[in-house]
Amino acid sequence: MTERRDVDETVRSPREAFGEALRNARELRAAGRLSQSALAKKARTSKSTISRIERGVPPIATNLPAVFDQIFETDGQFKRLYEEVVSRSFPALYRRRMSLEREAIAIWEWSPTIIPGLFQTAEYARALFRANNPRATEDEIAGLMRARLARQGLLRGDAPPNVRVVLCASVISRRIVSRDAMREQLAVLLGQAERQTTRLQVLPLDAEPHLLIDGPITFLTAPNHVTVVCVDAFRTADINEDPEHVRTAVRAYDDLTSEALSARQSAAFIRNQMETL
């Protein structure tokens, strides 16, 4: 009985489920079975990559789920399976937050410390992960980076959430990576700010004290328009769903946006910092 349960758990793991779905789609394809080599050619990857994915061996390149959905006309099946793979890459403490983030129609962020994960470059993310995990292996760091960068796919989807970000001016000035890498990070931030669904503001250092001054906070609004507040601290996370607390935090966030530079002024502030690097 124990052995059977172990097998079931393995089959139900997200990575195994992705591999099994790919194998089934390839072998049971209505237009005729595809070999691994033929699928690799269509997906512009290698046969060994297809074989590895079907066996549940990481990683899965971030572009492949959408490619598989297109090839097999599976209406987002592989995208959803991949999102579950990414979710399981995070500690259990953060999984619900990741799930809420994937479904959110609106994401509001305030960060007094670092550029939020949805906008981080690979080098910026690597530096943060290495600082937070000094004993981690390169493979472990690479896995964390893949999960972080995969989250950014929701900004490139057909219906991206409305995103509002307020950053403390110190975040723009703080050089966590090399000058060139930081310049690249700021350029990516500016590029994201130009999207129709994103609004980026910078809070000056001389802004008035505010309720959210002591740490980062994220507001996630679900399709049913219910908003929750996510607060991250050192290796901890909390999701507050109490309506009164959420309303209070939203009012504080609105005060932040009114104190912050306009979107145009914020972009100019960031460009000026890029020139000083």
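1. Thr 221 is found in strand S4, which spans residues 217-221, and in this predicted model its relative accessibility is 14%, so Thr 221 counts as buried, the cut-off being under 20%. The side chain of Thr 221 is joined to that of Thr 227 by a polar contact of 2.7 Å. When residues up to four places away in sequence are not counted, Thr 221 touches Ala 104, Ile 105, Ala 106 and Val 226, as well as Thr 227.

2. The largest nonpolar core has 44 residues, and those that touch the most other members are Trp 110, Ile 115, Phe 119, Leu 186, Leu 189 and Ile 270. Apart from this core lies another, of 21 residues, which includes Ile 50, Leu 64, Tyr 82 and Val 86.

3. For Trp 110, with neighbours within four places in sequence left aside, the residues in contact are Val 166, Leu 167, Cys 168, Leu 203, His 210, Leu 212, Gly 215, Pro 216, Ile 217, Tyr 253 and Leu 256.

4. Helix H3 (residues 36-43) and helix H5 (residues 64-72) have axes that come within 10 Å and cross at roughly 110°; because angles of 65 to 115 degrees count as roughly perpendicular, H3 is described in that way relative to H5. From H3, the residues Leu 39, Lys 42 and Ala 43 meet Leu 64, Val 67, Phe 68, Ile 71 and Phe 72 of H5. By residue class, this contact of H3 with H5 divides into 7 nonpolar, no polar and 1 charged.

Notes:
Residues are numbered from 1 along each chain as its sequence is written. This is a predicted model: local features need pLDDT of at least 70, side-chain atom pairs count only at pLDDT 80 or more; totals for chains, interfaces and linings use all residues. Side-chain values use heavy atoms; hydrogens and water are left out. A nonpolar core is a set of buried Ala, Val, Leu, Ile, Met, Phe, Trp, Tyr and Cys residues joined through side-chain atoms within 4.5 Å. Buried means under 20% relative accessible area, exposed over 50%, partly exposed in between (1.4 Å probe, protein chains only). Contact means heavy atoms within 4.5 Å. Axes are lines fitted to C-alpha atoms, for helices over the stretch in contact, and angles run from 0 to 180 degrees between N-to-C directions. Helices (H or I, at least four residues) and strands (E, at least two) are DSSP runs, numbered from the N terminus. Angles under 35 degrees count as roughly parallel, over 145 as roughly antiparallel, 65 to 115 as roughly perpendicular and the rest as oblique. Ala, Val, Leu, Ile, Met, Phe, Trp, Tyr, Cys and Pro count as nonpolar, Asp, Glu, Lys and Arg as charged, and the others, Gly among them, as polar. A polar contact is a pair of N or O atoms within 3.5 Å; within protein, one must be able to donate a hydrogen and the other to accept it, and residues adjacent in sequence count only if both atoms are side-chain atoms.
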